[in-house]
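Open the model in your viewer and keep the selection tool at hand. We will go from one stop to the next, and at each stop you will select something and look at what is there.

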There are 2 protein chains.
Amino acid sequence: MQDWSKRKQTGEGDADSTRMALIEAGLDRFGVKGYDAASTREIAAAAGANIASIAYHFGGKEGLRRACAEYVAGLIGSVARSVFGADFEKAESAAAALPAAEARTELVNGMMRLLRFLLLQPQAKLIVRFMLREIMSPSIALDIIYGGIFRPVHRRLCALWSAATGKQMESEEVRLAVFAMLGQAVYFRIAQEVVQRRMDWREVGEAEVESISRILIANLNDSLDRDARAAGGERK
Amino acid sequence: MQDWSKRKQTGEGDADSTRMALIEAGLDRFGVKGYDAASTREIAAAAGANIASIAYHFGGKEGLRRACAEYVAGLIGSVARSVFGADFEKAESAAAALPAAEARTELVNGMMRLLRFLLLQPQAKLIVRFMLREIMSPSIALDIIYGGIFRPVHRRLCALWSAATGKQMESEEVRLAVFAMLGQAVYFRIAQEVVQRRMDWREVGEAEVESISRILIANLNDSLDRDARAAGGERK
DNA sequence: GTCTATAAACAGATAGAC
DNA sequence: GTCTATCTGTTTATAGAC
């Protein structure tokens, strides 16, 4: 089992490092085995801490779960900021006013950054696993992440899509097209095990991401072209 | 908790119905809570059976897990047959010999049937949840399903893609394009909770599937057009 | 084939020494 | 703040009655 303690084995009295080690170990074990199945003994051992420290720092197992959820929510927020821009929450109107070519470039770049993050960053595995568990058995953490991060990001992408194609911003068609675009990227992370087997890839590195990226960007550009033609036709 | 017994409460001596009730209850509880977290007491209660019956019929909890995996594998197989044709295992060479227009029609129809199954059939929820758990913490069940069903289906789709576009059948590009196509459909099932919130859909019924289908089919046709143009250019 | 009773291992929580 | 020791409840597995 992985060691999340990241510190000397000689009894360290640092409260914050123990807290953090417990959260990271909890995130790992909860993610792999699920909340009920992961034992506090197992988590404490992975963190290099004592069993009683969970009760001391978080009040109990349930408190550690909440702390883990808050940590991931923060992580997802900072990732969204680095992938879709530092101000994605408020950039909707600005995005809608962009020239078509610039909006398209932003969409393509965002897509590439998202794919790179999903497939190359180790954190992504943690986040995706956490999100899948939340989707399979939803808790309040999902509400927080949806309203606070997913919805504003999706709205901004719709604004960009609208600016790039001339289609109406919040139309059903645009919202679904953005989902289809995101779905392709996310799927390659979720189904990575299966993709690797089928592609005979030993690992997914720069070269493999480049291959996937080429297809997804081409698909994105085709979709945008089609919608731009359709919107142009509507105007005539 | 749901009752999977489907039989009278008066002590029934039917071994097969007990077996089946235990498998269905196990599938449900393993799917919702995970293997370790679901207790045999809970499963036996949901099946309307005694705790000891799990040891008797399956040799223990692990045996029940294997029986559930085999049941789902069979279920996925029969679904794949109804969606992608009764003989998908052996139809690869036949698919490769189809005229381009017919191959394209088969791809489009398969995609629509897959989407309809994923979003409209209640079984799909069970299957997808089971597959996600297997992908998050893989067991031998994943090997069985990959080799027995997923790989042959994917190969047949690649053969159809090749016939529809003129691209080389087992090229990296074709295999990835097929993954991207499947990913869009599967994603709408996995992220259904999130999609419903964003679309303000109370449920996903015929009308909603039709909306999604329209986008995905258009994306598929665009991808095929692009690859057909590129393959035509290569030949000159 | 189904049931009750029970064994042996494990869980989370906590009191108290340091 | 960290540790050991222990309490209480729950887990899976199984022996044996019917």
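A residue is near a strand if one of its heavy atoms lies within 4 Å of it. Helices are DSSP runs, numbered from the N terminus. Keep in mind that this is a predicted model.

**Stop 1: DNA strand C**

Select DNA strand C and show the residues around it. There are 16 of them. The closest are A:Thr40, A:Arg41, B:Thr18, B:Tyr56 and B:His57. Which helix gives the largest share of this surface? It is α3(B), with three residues.

Now zoom in on single atoms. Pick A:Arg41. An N or O atom in the side chain of A:Arg41 is 2.8 Å from a base nitrogen of DNA strand C. Move to B:His57. Here a polar side-chain atom lies 2.9 Å from a phosphate oxygen of DNA strand C. Then pick A:Ser39, where a polar side-chain atom is 3.4 Å from a phosphate oxygen of DNA strand C.

Colour the helices next. Those that give two or more residues to the surface near DNA strand C are α2 (40–47) and α3 of chain A, together with α3 (52–58) of chain B.

You get five nonpolar, seven polar and four charged residues near DNA strand C. Of the atoms of DNA strand C within 4 Å of the protein, 59% belong to sugar or phosphate, and the rest to bases.

**Stop 2: DNA strand D**

Switch to DNA strand D. How many residues surround it? The count is 15, and the closest are A:Thr18, A:Asn50, A:Tyr56, B:Thr40 and B:Arg41.

Click on A:Thr18. An N or O atom in its side chain is 2.7 Å from a phosphate oxygen of DNA strand D. At A:Asn50, look at the backbone instead: a polar backbone atom is 3.3 Å from a phosphate oxygen of DNA strand D. B:Arg41 points you to a base. A polar side-chain atom of B:Arg41 lies 3.4 Å from a base oxygen of DNA strand D.

Two helices each supply at least two residues here: α3 (52–58) of chain A and α2 (40–47) of chain B. The largest share, three residues, comes from α3(A). By class, the surface near DNA strand D has four nonpolar, seven polar and four charged residues. Of the atoms of DNA strand D within 4 Å of the protein, 56% belong to sugar or phosphate.

**Stop 3: where chain A meets chain B**

Select the residues of chain A that touch chain B. On each side 48 residues are in contact with the other chain. The two chains bury about 4,900 Å² between them, 65% of it on carbon and sulfur atoms. Highlight A:Met136, A:Tyr187 and A:Arg198. They supply 17% of the area that chain A buries against chain B, more than any other three residues.

Stay with A:Arg198. Its side chain meets that of B:Glu170 in a salt bridge, at 2.9 Å from N to O. In total, six salt bridges are counted between the two chains. There are also 18 residue pairs in polar contact across this interface.

Which elements of chain A give two or more residues to this side? They are α1 (15–33), α7 (122–136), α8 (140–165), α9 (172–190), α10 (192–199) and α11 (206–235). The largest share, 14 residues, comes from α9(A). This side of chain A divides into 26 nonpolar, seven polar and 15 charged residues.

**Stop 4: inside chain A**

Colour domain 1 (5–59) and domain 2 (68–235) separately. Their centres are 33 Å apart, taken over C-alpha atoms.

Select the boundary. Here 11 residues of domain 1 are in contact with six residues of domain 2. The area buried between the domains is about 740 Å², and carbon and sulfur atoms give 71% of it. On the domain 1 side, A:Ile23, A:Leu27 and A:Gly31 lose the most area, together 58% of what that side buries.

Last, find A:Arg129 and A:Asp28. Their side chains meet in a salt bridge, at 3.9 Å from N to O. The domain 1 side divides into five nonpolar, three polar and three charged residues.

Conventions
Residues are numbered from 1 along each chain as its sequence is written. Chains are lettered from A and ligands numbered from 1 in the order in which they are written. This is a predicted model: local features need pLDDT of at least 70, side-chain atom pairs count only at pLDDT 80 or more; totals for chains, interfaces and linings use all residues. Side-chain values use heavy atoms; hydrogens and water are left out. Contact means heavy atoms within 4.5 Å. Buried area is the accessible area (1.4 Å probe) that two parts lose on being put together, summed over both. A salt bridge is a side-chain nitrogen of Lys or Arg within 4 Å of a carboxyl oxygen of Asp or Glu. A polar contact is a pair of N or O atoms within 3.5 Å; within protein, one must be able to donate a hydrogen and the other to accept it, and residues adjacent in sequence count only if both atoms are side-chain atoms. Helices (H or I, at least four residues) and strands (E, at least two) are DSSP runs, numbered from the N terminus. Ala, Val, Leu, Ile, Met, Phe, Trp, Tyr, Cys and Pro count as nonpolar, Asp, Glu, Lys and Arg as charged, and the others, Gly among them, as polar. Domain bounds come from an automatic or database domain assignment.
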